[in-house]
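Biologist: I have a model open and would like to go through it with you. Can we take it piece by piece?

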Amino acid sequence: MSRVEIRPFEADDLTSCGALLATRHHQHRLAQPLLSPRFEATEAAIAELTAVFETGASGAVALRAGAPVGFLLGAPKTSPLWGPNIWVEAAGQAVTDAEVMRDLYGIAATRWVDEGRTAHYVVVPAHDEELVRAWFRLGFGQQQAHAIRPAEKLATASLAGGLSVRRANRDDIPMLARLDLELPLHHGLSPTFSAGRLGTIEESLADWADDIDDPDYATFVAERDGQVIGSAIGCALEKSSTHLGPARPENAGFLGYAAVFPHARGAGAGRALGTAVIDWAVDSGFDSVVTDWRVTNLLSSRTWPRLGFTETFLRLHRTIGY
């Protein structure tokens with residue numbers, strides 16, 4: 001087999017690498033047919049890759065006998081939440097041989113680190129075990145799971161005594177504001193250790209006062225013995241700032257948020273809230289439901305797969321210098 005040449009990604013590579021992306025997505029849909037068929041078309045894949053490139057992305061391309069056999073393309077996000085970062089989103093990579101990705105990263109990451117971008121995130125198709133393993137052997141670990149399930153109602157299960165779920169209303173705003181803080185608080189604990197920015201009750205109260213009646217969002221609360229103990233939000237996936245490109249199926253609902261107060265966990269409230277959002281998505285005419293979770297969040301990483309969500313992409317992370 002001829003030697004592989006690795007060089008920086010250029011605009012002239014977009015067409016040939018878009019074809020690689022289309023092939024990768026076709027193979028992905030064999031494992032996850034609920035993903036969008038759109039990116040199996042070379043033209044759509046090229047357009048998506050071009051859009052990524054035009055954000056100021058950089059990376060590398062692998063050539064064998066002059067023909068591309070892989071590429072890697074990443075761009076920074078401006079949010080300070082992610083540190084001095086580079087992101088390889090769902091459209092940002094494809095290879096014909098997983099081992100080549102290690103060489104591509106070796107070239108691309110040289111520039112990224114020279115620019116001071118030491119927090120690296122990469123969204124990898126979950127079905128490709130060899131590619132995931134190649135990233136693991138580059139020092140990456142799994143941070144997040146993206147997942148999907150058909151928009152089909154679950155078999156009705158009896159709720160624990162005193163537990164019920166209903167749509168939220170304005171009277172629930174004080175409790176919804178408190179629940180807004182519960183997920184970042186939980187993520188700040190072991191073993192996740194990733195709280196991010198923690199807002200204030202006052203900020204949440206103001207947001208809910210403005211947004212509680214927004215028809216684009218379906219907010220549910222779980223009650224036990226008449227007291228609100230948890231909440232969840234559903235919306236169209238297009239409202240999410242994540243699940244981009246090939247990771248965004250058409251006409252998908254999104255389980256965007258769920259939280260339960262610590263004292264009420266373990267009694268089925270999270271499952272009941274997730275079921276309510278799934279049922280809402282079915283009634284709203286969506287074809288599938290998407291969600292995501294931190295894999296170190298022991299609660300969500302067990303609850304959502306039990307509701308039928310299966311992984312589509314894995315978000316991997318590496319911090320350089322430690």
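This is a predicted model: local features need pLDDT of at least 70, side-chain atom pairs count only at pLDDT 80 or more; totals for chains, interfaces and linings use all residues.

Biologist: Where does N251 sit?

Modeller: N251 is in the loop between β10 and β11, the latter covering 252-260.

Biologist: What is phi for N251?

Modeller: Phi of N251 is near 50°, which is positive, and the residue is not a glycine. Most residues other than glycine have a negative phi.

Biologist: Which other residue has a positive phi without being a glycine?

Modeller: D225 has one, at about 55°. D225 belongs to the loop between β9 (217-224) and β10 (227-236).

Biologist: Is D225 buried or exposed?

Modeller: D225 is exposed: its relative accessible area is 62%, and the cut-off for exposed is over 50%.

Biologist: Back to N251. How far is its C-alpha atom from that of G285?

Modeller: The two C-alpha atoms are separated by 8.2 Å, with the residues 34 apart along the chain. G285 is in the loop between α8 and β12. G285 is partly exposed, with a relative accessible area of 41%.

Biologist: Now the sheets. What is the strand order in the sheet of nine?

Modeller: The order is β4-β6-β13-β7-β12-β11-β10-β9-β8, in an open sheet with mixed pairing. At the edges stand β4 (85-88) and β8 (163-167); each has a single partner strand, so one side of each has no neighbour in the sheet. On average, neighbouring strands of this sheet are turned by 20° against each other, direction ignored.

Biologist: How do β7 and β12 pair?

Modeller: Strand β7 (residues 141-150) and strand β12 (residues 288-294) are antiparallel, over seven bridges. Within that pair, A147 has T291 of β12 as its bridge partner.

Biologist: Which strands does helix α3 lie across?

Modeller: Helix α3 (residues 100-114) lies across β4, β6 (119-125) and β13 (310-319), and runs at about 145° to β6.

Biologist: How many bridges link β1 and β2?

Modeller: Five, in the antiparallel sense, with β2 covering residues 58-64. E5 stands opposite L63 in β2.

Biologist: Next, packing. How many residues are in the largest nonpolar core?

Modeller: It has 26 residues, and F220, W280, W304 and F309 have the most contacts inside it. The elements giving two or more residues to this core are β7, β9, β10, β11, α8 (269-283) and β12. The most comes from α8, with seven residues.

Biologist: What does F220 touch, leaving aside its neighbours within four places in sequence?

Modeller: Its contacts include V165, A168, A232, L273, A276, V277 and W280. R166 and R167 are among them too.

Biologist: Which residues does the second core include?

Modeller: That separate core has 25 residues and includes A62, V88, M101 and A134. In soluble globular proteins, nonpolar side chains tend to be buried together.

Biologist: What is T192 in contact with, apart from its neighbours within four places in sequence?

Modeller: T192 is in contact with H187, R294, T296 and N297. For N297, the backbone nitrogen lies 3.4 Å from a polar atom of the T192 side chain.

Key: Residues are numbered from 1 along each chain as its sequence is written. Side-chain values use heavy atoms; hydrogens and water are left out. Two strands pair if DSSP finds at least two bridges between them. Helices (H or I, at least four residues) and strands (E, at least two) are DSSP runs, numbered from the N terminus. A polar contact is a pair of N or O atoms within 3.5 Å; within protein, one must be able to donate a hydrogen and the other to accept it, and residues adjacent in sequence count only if both atoms are side-chain atoms. Contact means heavy atoms within 4.5 Å. Buried means under 20% relative accessible area, exposed over 50%, partly exposed in between (1.4 Å probe, protein chains only). Axes are lines fitted to C-alpha atoms, for helices over the stretch in contact, and angles run from 0 to 180 degrees between N-to-C directions. A nonpolar core is a set of buried Ala, Val, Leu, Ile, Met, Phe, Trp, Tyr and Cys residues joined through side-chain atoms within 4.5 Å.
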